[in-house]
Amino acid sequence: MDQSKEQRILNSVSYNAIKGDAESVLDCIDKYCSQKEWAMNVGDEKGLILDKIVKEADPTVALELGTYCGYSAVRIARLLKPSAHLFSIEFNAEFVPIAKEIIEIAGLEDKVTILEGHAQDIIPQLKTKYNVDTLDFVFLDHWKDRYAPDTILLEQYGLLRKGSILLADNIGFPGAPDFLKHVRNNEHYECTHYPSHLEYMKAPDAMEKAVYLG
Ligand SMILES: Nc1ncc2ncn(CCCCCNC(=O)c3cc(-c4ccc(F)cc4)cc(O)c3O)c2n1
Ligand SMILES: [Mg+2]
């Protein structure tokens with residue numbers, strides 16, 4: 001059976017990255033996906049915006065929707081303080097072991113818990129099953145038409161507090177119009193737009209930061 005693109009990305013990281021060195025894992029994925037096979041990692045350019053917002057948030061508990069190969073989980077977890085933790089939700093069973101392996105090569109396995117399933121099924125369990133109180137930072141990078149309904153779920157399950165920071169990928173392309181409608185012109189959110197480019201491409205894309213005001 002032919003290997004998948006995601007398996008080939010893992011092979012490249014396993015062969016080329018320095019064990020325990022998160023930066024080298026990120027560099028290896030970015031190199032592979034810009035030179036060999038495009039893949040939907042947040043990438044190096046939008047990754048710098050993600051870094052900036054994670055540093056600003058300095059989260060104790062962070063959530064990511066859409067793990068894929070674990071690139072943004074490594075990007076986020078490498079910036080977390082010792083007591084902090086990242087929960088990352090992925091429903092594609094093929095990607096979960098690949099992401100786990102990539103996160104382990106980066107030496108960040110203690111900082112990241114991958115939860116397998118759909119965000120809409122796992123968000124309601126975060127407090128009861130995963131002992132989460134509130135979320136300090138959320139990175140949205142899953143189905144674009146799930147950003148808005150899952151943000152509403154986060155609100156309804158009391159997972160956001162005054163100052164919780166949401167950061168959404170792909171506001172430009174593929175786009176998440178319902179999410180923008182929900183957070184912009186909404187007295188409960190303070191929004192900031194970050195124009196950028198689609199990972200590894202010249203096409204325009206953007207990220208949106210939405211701070212929950214309570
Ligand atoms: N509900 C739920 N719960 C949990 C889950 N875990 C995974 N999923 C499903 C996630 C499926 C992948 C999501 N990501 C994208 O579709 C995406 C696409 C592009 C892109 C594509 C083609 C182009 F030509 C240009 C750009 C670029 C990006 O940066 C993207 O992030 C879940 N869903
Ligand atoms: Mg994305």
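Where is Glu208 found? Glu208 is in strand 7, and I'll come back to that strand in a moment.

What you see is a predicted model, where local features need pLDDT of at least 70, side-chain atom pairs count only at pLDDT 80 or more, and totals for chains, interfaces and linings use all residues. Residues are numbered from 1 along each chain as its sequence is written, chains are lettered from A and ligands numbered from 1 in the order in which they are written, and side-chain values use heavy atoms, with hydrogens and water left out.

Let's begin with the metal. The magnesium ion, ligand 2, has Asp141 (OD), Asp169 (OD) and Asn170 (OD1) as its protein donors, at 2.0 to 2.2 Å. Donors here are N, O and S atoms within 2.8 Å of the metal (3.2 Å for Na, K and Ca), and sites may look incomplete because water is not among the atoms. Along the sequence, the spacing of those donor residues reads D-x27-D-N. Distant parts of the chain are linked this way: Asp141 is in the loop between strand 4 (135-140) and helix 8 (147-156), while Asn170, 29 residues apart from it, is in the loop between strand 5 (160-168) and helix 9 (171-175). For those element names, helices (H or I, at least four residues) and strands (E, at least two) are DSSP runs, numbered from the N terminus.

Are Asp141 and Asn170 buried or exposed? Both are buried. Buried means under 20% relative accessible area, exposed over 50%, and partly exposed in between (1.4 Å probe, protein chains only).

Now to ligand 1. It has 21 residues around it, and Ala119, Asp141, Lys144, Asn170 and Glu199 come nearest; a residue is near if one of its heavy atoms lies within 4 Å. Strand 2 (85-90), helix 6 (119-122) and helix 9 each give at least two residues to the shell around ligand 1.

What about individual atom pairs? A polar backbone atom of Ala119 is 2.8 Å from a nitrogen atom of ligand 1. The side chain of Gln120 has an N or O atom 3.0 Å from a nitrogen atom of the ligand. Ligand 1 taken alone exposes 700 Å², and the protein buries 82% of that. Those areas come from the Shrake-Rupley method with a 1.4 Å probe, and for residues only the protein chains shown count as cover.

Back to strand 7, as promised. Lys209 lies there, in residues 204-212, and is buried at a relative accessible area of 9%. Its side chain makes a polar contact of 2.7 Å with the side chain of Glu56. A polar contact is a pair of N or O atoms within 3.5 Å; within protein, one must be able to donate a hydrogen and the other to accept it, and residues adjacent in sequence count only if both atoms are side-chain atoms. Glu208 is buried as well, with a relative accessible area of 1%. The side chains of Glu208 and His193 are joined by a polar contact of 2.8 Å.

Next, some backbone details. Which peptide bond is cis, with omega near 0°? That is the one from Phe173 to Pro174, and Pro174 has its place in helix 9.

Two residues other than glycine have positive phi values: Tyr68, near 55°, and Asn131, at about 60°. Tyr68 sits in the loop between strand 1 (61-65) and helix 4, and counts as buried at 7% relative accessibility. Asn131 is in the loop between helix 7 (126-130) and strand 4, and counts as exposed at 70%.

I'll finish with a few spots for finding your way around the model. Pro82 is in the loop between helix 4 (71-77) and strand 2, exposed at 81% relative accessibility. Its C-alpha is 9.0 Å from that of Thr60, 22 residues apart along the chain. Gln7, in helix 1 (residues 5-16), is partly exposed at 24%. Gln7 and Cys69 are 62 residues apart in sequence, with 9.1 Å from C-alpha to C-alpha. Lys100, in helix 5 (residues 95-105), is partly exposed at 45%, and its C-alpha is 28 Å from that of Ser196.
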